[in-house]
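The points are grouped by topic.

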Amino acid sequence: MSSDKIQHARQSFFSKGSVPGGLISQPILRSWTRCAALGLKGRANSLPEPLTSHEFAISAEEAEAFRRLCRPEIEALYADAEATDSIVILTNAHGLVLDTIGSLDFAQRAARVALMPGVPWSEQTVGTNAIGTTLAEGCPIEVRGAEHYLECNRILSCSAAPIIGPHGEVLGVLDLSGPAEVHHAHALGLVRLAAEQIEHRLFDRGFEHTDIVRLHTDPAMLGTPREGILIFEDGRLKAANRHGLKLIGRNFDALGTVTWADLFQNGVMALADTGSLKRTDGAALRGRLEHRKPIVSSALRRTQALQPTNIGPIFNIETQKALDRAVRLLNADVPVLVWGETGTGKEVFARAVHGRSARAGKPFVAVNCAALPETLMEAELFGYQAGAFTGARPGGSKGHLREADGGVLFLDEIGDMPLPLQTKLLRVLQEREVVPLGGSRAVPVDFTLICATNRNLSELVQTGGFRSDLYFRIAQYTIELQPLRLRSDRVQLIDAIWDSLGAASRGIVLDQECRERLSLYEWPGNFRQLVGCLRAMLALCEPGDRLGTDALPLDVRNASPVQSPAPAESEPLPTTLDSMTIAAIREALEATKGNVSLAARRLGVSRSTLYRRLQGNA
């Protein structure tokens with residue numbers, strides 16, 4: 001839709017109350033009409049009022065389980081958001097922004113129109129916008145530039161999809177927002193796919209003693225987020241996803257009212273025997289039947305819930321060796337610091353260490369220090385007693401540190417932890433006990449610690465941004481994860497991830513030129529960006545497609561290939577121990593562009609040792 005058409009539509013709507021046909025989409029026109037009926041003024045510049053910190057704490061606490069459920073999809077969208085100067089937004093069912101993550105520059109611009117955590121973005125509050133209009137329309141919506149009802153929001157281009165629960169209830173909205181001057185062509189497809197994946201995982205638990213039917217017209221779609229899911233209890237339809245209801249020609253009003261016999265010609269056991277069904281109108285479906293048994297072990301349930309659900313990095317031989325070392329260190333209760341660029345798989349690495357350690361089967365509690373609001377971080381980490389603050393849960397909260405008791409605590413983006421909390425964390429690590437907010441009695445805790453960062457903590461220590469005593473406590477051994485652009489097996493990695501996404505089962509292939517262009521891209525967002533790109537490509541194609549370079553996102557298609565380092569002139573190989581040491585130091589300094597701290601970390605020595613060896617051979 002051109003900006004001229006939208007401007008014409010606005011002028012006509014606000015002057016005459018109507019819009020000529022074809023200028024804007026019907027959902028946008030319906031939204032403008034609702035906003036006008038509410039008395040909203042298009043030129044109003046008043047921003048919505050954010051909740052107070054206590055009010056937001058209550059809402060965030062209520063939505064915490066929902067936020068954790070959505071985390072894999074938010075992380076998958078994160079690299080795409082950074083690459084397109086956008087932010088990922090998660091709201092609750094009322095349009096209250098719970099979380100934003102992505103481009104810091106655009107997040108600051110969005111904050112000028114109050115698009116940030118703690119602010120409601122319903123239509124009633126801020127007029128036509130992707131979040132509020134998605135909630136009003138009940139379907140995915142894109143709102144670009146001047147399509148926003150309020151003129152102050154014209155800086156935004158937003159795509160949003162609702163997240164619908166198994167019983168038809170709206171749980172929240174997933175949104176991808178960026179600058180209006182940049183049209184992110186795949187944004188709506190990405191958020192729609194992410195919402196479908198979240199809805200698909202909602203059926204992983206909670207339906208004990210029911211018959212779960214997974215069905216589709218195409219058997220290759222079974223097991224994917226696009227399969228239909230129907231839940232029957234005593235022969236009556238109890239729950240379903242949107243794809244399942246579409247396949248049987250019903251909506252959520254059918255839940256609790258229609259029976260198996262109302263929908264299908266053949267019985268439930270026919271599906272179990274043949275894998276096929278016929279609707280009452282004769283249309284054929286393929287599917288499978290599951291009988292869900294209750295999980296009797298709470299420990300088993302927690303272990304299963306902690307398994308990673310998103311496809312992530314595939315480790316090479318070097319990383320496998322580092323994994324072996326990390327397991328030995330963890331078993332010896334030695335804290336490990338994992339360093340790597342964004343998207344290199346630091347949490348996946350930490351989970352793999354946990355799974356192979358002596359604490360496998362015990363809790364693995366992951367905390368993203370950069371994602372937690374600073375006002376809630378202390379309560380989230382250390383827990384609180386009942387009545388510790390206004391809005392606190394009546395029974396209090398254990399906090400992440402106590403949840404990790406007996407297992408592994410993973411603190412991601414530790415470099416973003418505020419200094420006051422660093423002091424409290426150091427005390428916990430020293431004393432092995434935690435005092436909840438509002439409490440006076442210390443509670444013993446036993447966990448092993450893995451931290452991760454994409455920042456240079458030693459430089460932060462020098463500038464006062466990170467406590468030196470905490471740094472030495474958590475960085476007793478550092479492991480560096482290699483960025484994707486330095487991997488020599490990128491083509492094989494792309495093939496492996498493509499297959500793991502289910503492309504092969506649908507007969508979708510990448511042609512040779514497409515694979516080569518993918519392998520030559522720099523991937524600044526590393527595995528997270530690569531997986532997000534492949535997911536987007538897969539979401540936009542049909543079974544049997546053969547994808548060429550025209551299927552690639554523009555930034556990948558038009559990028560210059562990764563430049564291989566120019567071959568160095570041959571030099572005599574070092575022959576003595578001293579010369580070999582100096583050669584290794586020089587190579588490390590060259591690889592890190594003179595960063596002594598990073599070179600020392602790569603070599604596994606202290607910075608003072610590195611300086612001493614350099615001075616001795618100057």
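**Helix packing**

In H2, the residues Pro27, Arg30, Ser31 and Arg34 meet Thr133, Ala136 and Glu137 of H7. The model under discussion is predicted.

*Helices H2 and H7*

- Helix H2 covers residues 26-37 and helix H7 covers residues 130-137; the two pack at an angle of about 95°.
- The axes of H2 and H7 are 11 Å apart.
- An angle from 65 to 115 degrees counts as roughly perpendicular, and H2 and H7 are therefore roughly perpendicular to each other.

*Helices H4 and H8*

- Helix H4 (residues 64-83) packs with helix H8 (residues 187-201) at an angle of about 160°, and their axes are 9 Å apart.
- On the side of H4, the contact is made by Leu69, Cys70, Pro72, Glu73, Leu77 and Asp80.
- On the side of H8, the contact is made by Leu190, Val191, Ala194, Gln197, Ile198 and Arg201.
- Angles over 145 degrees count as roughly antiparallel, and H4 and H8 are therefore roughly antiparallel to each other.
- The crossing in which H4 passes H8 is right-handed.

**Cysteines**

- The structure holds zero disulfides.
- A disulfide requires a pair of cysteine sulfur atoms within 2.5 Å.
- For Cys369, the closest cysteine sulfur is in Cys451, at 7.6 Å, which is too far for a bond.
- Cys369 is buried, and its relative accessible area is 2%.
- Cys158 is also buried, with a relative accessible area of 4%.

- Gln422 is placed in helix H17, which spans residues 419-431.
- With a relative accessibility of 0%, Gln422 counts as buried, because buried means under 20% relative accessible area.
- A polar atom of the Gln422 side chain lies 2.8 Å from the backbone nitrogen of Arg467.
- Apart from neighbours within four places in sequence, Gln422 is in contact with Met417, Gly465, Phe466, Arg467 and Leu470.

**Loop residues with a positive phi**

- Most residues other than glycine have a negative phi.
- Ala114 is not a glycine, yet has a positive phi of about 65°.
- The position of Ala114 is in the loop between helix H5 (104-111) and helix H6 (123-126).
- Ala114 is buried, at a relative accessible area of 4%.
- Glu413 is likewise not a glycine and has a positive phi of about 50°.
- The loop that holds Glu413 runs between strand S13 (408-412) and H17.
- Glu413 has a relative accessible area of 12% and is buried.

**An exposed glycine**

- Gly438 is found in the loop between strand S14 (433-434) and strand S15 (443-444).
- Gly438 has a relative accessible area of 68% and is therefore exposed, as exposed means over 50%.
- Gly438 and Tyr384 are 54 residues apart along the chain, while their C-alpha atoms are separated by 6.1 Å.

Notes. Residues numbered from 1 in each chain as written. Predicted model: local features only at pLDDT ≥ 70, side-chain atom pairs only at ≥ 80, totals over all residues. Heavy atoms only, no water. Buried < 20%, exposed > 50% of the residue type's maximum accessible area, 1.4 Å probe, protein only. Helix = DSSP H or I, 4+ residues; strand = E, 2+ residues; numbered from the N terminus. Polar contact = N/O pair within 3.5 Å; in protein donor to acceptor, adjacent residues only side chain to side chain. Contact = heavy atoms within 4.5 Å. Axes fitted to C-alpha atoms, helices over the stretch in contact; angles between N-to-C directions. Parallel < 35°, antiparallel > 145°, perpendicular 65-115°, else oblique. Left-handed = near helix turned anticlockwise from the far one by under 90°.
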